[in-house]
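Trainee: I would like to learn how to read the features of a protein model. Please take me through them one at a time.

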Amino acid sequence: MWLMSNATVTVIRPKKIFHLRDLKELWDYRELLYFFTWRDLKVRYKQTFIGAAWAIFQPFVTMVVFSVFFGGLAKIPSDGVPYPIFVYTGLLFWQFFSAALSSTSNSLVGNQALITKVYFPRLILPVSSVITQLVDFAIAALILLGLMFYYGFMPSLLGIAIVPLLLIITFMASVGGGLFLAAINVKYRDVRYALPFFVQILLFVTPVIYPASIAGKYSKLLAINPMTGVIQNARAALLGTAPVNWLLLGISAIGCFVLLIVGIYVFKKVERYFADIV
Amino acid sequence: MKPIIEIKNIGKNYKIAHQRGGYIALRDVIMNILKKPFSFVKAKAKSAMGLASTEEFWALRDINLSVEKGEVIGIIGHNGAGKSTLLKILSQITPPTEGEIVIRGKVGSLLEVGTGFNPELTGRENIFLNGAIIGMTRREIASKFDQIVKFAEVEKFLDTPVKYYSSGMYVRLAFSVAAHMEPDILLVDEVLAVGDAEFQRKCLAKMEEVTHQDGRTIVFISHNLSAVERLCQKTVLLNKGRIEKIGETREVINHYLKVGHTEHKVDIPAGSFAGQGYRVTTAELLNGIAGSFRVPYDEPIKLRLMIEVERKLEEMNFAFACTSLNDSLIFIVRNSDNRDAVGRMISDPGTHIMDITLHHMLRPGTYYLGLGITKDKQVSFYDPNLIVLDIDPLGTKQPAVQENRGFMNATADWKLELKR
């Protein structure tokens, strides 16, 4: 302990926005990241009556309701695959994105007692809330496997290989957007009330319940939304609805990367004052 | 050897903007822009040119201090003197505006007991979570686990969610986790003001034990002057954001008690009332000897609060609490005790002057007078150490009495009978 501690020299100065040291520091605090994620999972599954089953129940029921109304009654086309599996693939990624976005944007305000009392790299909080959502994603993905088995879809090698890539893009989109929102949420507390509405609107401009082809000549416009590329390609790779659209995927990846950088920048810029204003 | 903490010219400046509270509603901002687009542009331009009329407030200025390895240093001062701000800068919660601090070692802070405790999790789980939050590694926590549990005396409830704990158990567990961390530098803020008397003694003993372990450096901030005196060799007195005196603890405390409050008025920082719709600007002692916080023992304590009410308020209630220097509560008086309407009368906007005549039986000595305010039955302001009050042994009508004979005056009738 003494040997180790002799090496740690901390210099406190008026803060700069970004420093390479920050990355190393984030790594030094990885154990705390683990504990925050563990806490969030533990508390959530203790609070809800059915516990971890909630992670399955929610997307499953949504899928059933959507299949009955949009697939069955409204007869929304589904690129030639059964509507339930079509909509579930979309919902799986959509839920990960929207849940991660909302929990990230509340991560600072929700932990204000900590922020005003203890020091740790603030980035840990939003990142841990996304990782928590990732666990839910993994649980909900089991249903997709079941559906694929039921409808007789064999996941191709490409399909399996592409899922991590899609997850990384979704991760960047939700963390980038979430960091940005978390930072303004600290200053403007009414943002969190507007957010659920905003996310709901986003659902309808993302091809989750309908295929992008339904928009006809405007379908190119949908590509601005980074989740379009993710969901379209998830269906292409897993269900074989179309060949994988690498261009669309590339656009999504670059868009999300830029969003992530902007999010981190805004977050770091406001970070200095968090403890003073929350 | 280089000092373990070097504080060079540290200053922290807060801008008091027009809005109240740190945060605002985006809706209001947008509405303001829409309603008065011109004045918005003007304000933006002004602030860009540095002409904006924001008030600046230096919570700390020109702080220079070196702490040697193994030193236990106390920091005292009135409220708003900058003690907590200094600690927040040292623990990196908030950055300084100017200056530099070099810290050679691992810092742990004991800021507020129970920070990061989650009510849903069990005692066992919270030990690990809280330990990680205050900077212990998983291995460190695991190796100290039994000691932590034993010190907190919660063996039987380890697997019970802490929401079912009594407040005493909760505090014990939280302090225990924090007390077992082993940083090179420990920052402590007012933790001893918790728990029952017995546990406080135990905490103080633990703190003493920690300070005697070789090499441990401690920065200790407290209103509990007797604790500071027991633990610290060296003490810093802060006054209005600057260092007023550094030196041997006894000397600094004496200076603080004598010279530290030659005024008879306390300004309360506006920040304490952010967004509340009112603020108490000053607390004043009307009958202090030569304009100080010193009252003859046989006179009532006459206080005056200046209260600015911005918007119409619901019911408010005021209370004064008197405590000894080692934080024992001596008495509390409330306006609701008398069932009078003072609390409700204050609801109208404007500046109110509230005069309080406090009849007491305090013995000569030094006490804290704290103020608590509730608004709609919710605590809205609480400062247990608002005023450091001296009760003078020279009476105005009665003869002088001796000092240091307990807290309260009491009289007794003595009768003697001789039985055969």
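Trainee: How many bridges join strand E6 of chain B to strand E7 of chain B, and do they run parallel or antiparallel?

Mentor: Strands of a sheet pair through backbone hydrogen bonds, either parallel or antiparallel. Here strand E6 (residues 185-189) and strand E7 (residues 217-221) of chain B run parallel and are joined by 5 bridges. One of these links B:Leu187 to its partner B:Val219 in E7(B). Two strands count as paired if DSSP finds at least two bridges between them. Strands (E, at least two residues) and helices (H or I, at least four) are DSSP runs, numbered from the N terminus.

Before we go on, this is a predicted model: local features need pLDDT of at least 70, side-chain atom pairs count only at pLDDT 80 or more, and totals for chains, interfaces and linings use all residues. Residues are numbered from 1 along each chain as its sequence is written, chains are lettered from A and ligands numbered from 1 in the order in which they are written, and side-chain values use heavy atoms, with hydrogens and water left out.

Trainee: What is the order of the strands in the open sheet of 6 strands in chain B?

Mentor: The order is E5-E6-E7-E3-E8-E9, with mixed pairing. Its edge strands, E5 (107-110) and E9 (242-248) of chain B, each pair on one side only. From one strand to the next, the twist averages 20°. Helix H3 of chain B packs on this sheet, touching E3 (72-77), E6, E7 and E8 (234-239), and its direction makes about 150° with that of E6(B). Contact means heavy atoms within 4.5 Å. For angles, axes are lines fitted to C-alpha atoms, for helices over the stretch in contact, and the values run from 0 to 180 degrees between N-to-C directions.

Trainee: In the open sheet of 5 strands, why is one side of E12 and of E15 of chain B left without a neighbour?

Mentor: That sheet of chain B has the order E12-E18-E17-E14-E15, with mixed pairing. E12 (294-296) and E15 (329-334) of chain B stand at the edges with a single partner strand each, so one side of each has no neighbour in the sheet. The twist here averages 30° from one strand to the next. Strand E14 (residues 316-324) of chain B runs antiparallel to E15(B), and 5 bridges join them. Among the bridge partners are B:Thr323 and, in E15(B), B:Leu329.

Trainee: Now the interface. How many residues does each chain give to the contact?

Mentor: Chain B gives 51 residues and chain A gives 40 residues. The two chains bury about 4000 Å² between them, 63% of it on carbon and sulfur atoms. Buried area is the accessible area (1.4 Å probe) that two parts lose on being put together, summed over both. A strand pairing also crosses here: strand E1 (residues 9-12) of chain A runs antiparallel to E4(B), with 4 bridges. In it, A:Ile12 has B:Ile101 as its bridge partner.

Trainee: Which residues form a salt bridge between chain A and chain B?

Mentor: Side chains of opposite charge can pair when their charged atoms come close. The rule asks for a side-chain nitrogen of Lys or Arg within 4 Å of a carboxyl oxygen of Asp or Glu. A:Lys42 and B:Glu125 meet it, with their closest N and O atoms 3.0 Å apart.
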